[in-house]
Structures are given as C-alpha cells and as structure tokens.
Amino acid sequence: MSNLRNKVQLIGNVGQEPSTTNLDNGKKVARLSLATNEHYKNNKGEKVQATSWHTVVAWGKTAEIIENYVSKGKEIAVEGKLTSRSYEDKEGVKRYVTEVLASEILLLGGNA
C-alpha cells in the first residue's frame, strides 16, 4: 500500500508543444501542460465542462518519449506523483509550484 500514498493518474490533452532541455550533466527533462476535463450537471440541470490544467515534468527515457512522440493536442495518459517546490521570481517574490513528476506515459488516440 505504500505505493499508493502519492500516486497520480491523469488522462488529458497536451495544451502546447512540450519543451525538452538537455542539461549539462547529460540528463534530459521535458515539461508539458496537460488539460483534463470533468463533466457534470449544475443546479439548473445544465451540462457543464470544467477544465483543469496540470504541469507535467518527465526525466530520462520518459522525456525522450515526450520529445519524439508528443505534440500539442495529443491525448496522453500520465502516471506519476505530485511534487511541490518554491522559487523566487525576478521581483524577489517567493512562488510555489505543484507539478506531476511523470514515471510513465501512454500515448492515446490518433495523431492530433
């Protein structure tokens, strides 16, 4: 059960072209935004779609798969864990970020 403590599974569409960076130490990192949609009926019985955006970060082989096969609009499934970090922006304000650290990715649907 310890594997379930911090586990995220998302299926959604890539919002913009992923960015891939080759670091000085030889490691590769990819970043992408993923849109997930939820459908429900509001108090008036109207069908509503709510979209949530997630930042996904992947390293190594998973980053290579994203670099070679994932593009804007592509439907993908991501499995990983939530990570949080903070940084200071240009004005010196401390910012907090929560990201999905992808351990696996699955390409879904057709070529978007």
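The legends below describe an overview and several close-up views of one predicted protein model. Because the model is predicted, local features need pLDDT of at least 70 and side-chain atom pairs count only at pLDDT 80 or more, while totals for chains, interfaces and linings use all residues. Residues are numbered from 1 along each chain as its sequence is written, and side-chain values use heavy atoms, with hydrogens and water left out.

**Figure 1. Overview of the protein chain, with one helix and six strands.** Helices (H or I, at least four residues) and strands (E, at least two) are DSSP runs, numbered from the N terminus. Along the sequence, the order of these elements is β-β-β-β-α-β-β. The C-alpha atoms fill a box of roughly 55 × 40 × 35 Å, taken along the principal axes. The chain has 112 residues, and 28% of them are buried. Here buried means under 20% relative accessible area, exposed means over 50%, and partly exposed lies in between (1.4 Å probe, protein chains only). A contact means heavy atoms within 4.5 Å. Of the contacts with a separation of 6 or more, 58% are accounted for by residues 24 or more positions apart.

Figure 2. Thr55 counts as partly exposed because its relative accessibility is 35%. Leaving aside residues up to four places away in sequence, Thr55 touches Arg31, Leu32, Glu99 and Val100. Ile11 is 44 residues from Thr55 along the chain, and the C-alpha atoms of the two are separated by 13 Å.

**Figure 3. The salt bridge between Glu79 and Lys7.** A salt bridge is a side-chain nitrogen of Lys or Arg within 4 Å of a carboxyl oxygen of Asp or Glu. The structure holds five salt bridges. In the pair Glu79 and Lys7, the closest N and O atoms are 3.9 Å apart. This pair links distant parts of the chain, 72 residues apart: Glu79 is in strand E5 (residues 75-88), and Lys7 is in the segment before strand E1 (8-14). Glu79 is partly exposed, at 22% relative accessibility. Lys7 is also partly exposed, with a relative accessible area of 41%.

**Figure 4. The salt bridge between Lys28 and Glu67.** The closest N and O atoms of this pair are 2.6 Å apart. Lys28 is buried, since its relative accessible area is 16%. Glu67, with a relative accessible area of 38%, is partly exposed.

**Figure 5. The salt bridge between Asp89 and Arg95.** The side chains of Asp89 and Arg95 meet with an N to O distance of 3.0 Å. Asp89 counts as buried because its relative accessibility is 18%. Arg95 has a relative accessible area of 40% and is partly exposed.

**Figure 6. A network of salt bridges that links Arg31, Arg85 and Glu99.** Two members of this network, Arg31 and Glu99, are among the residues that Thr55 touches.
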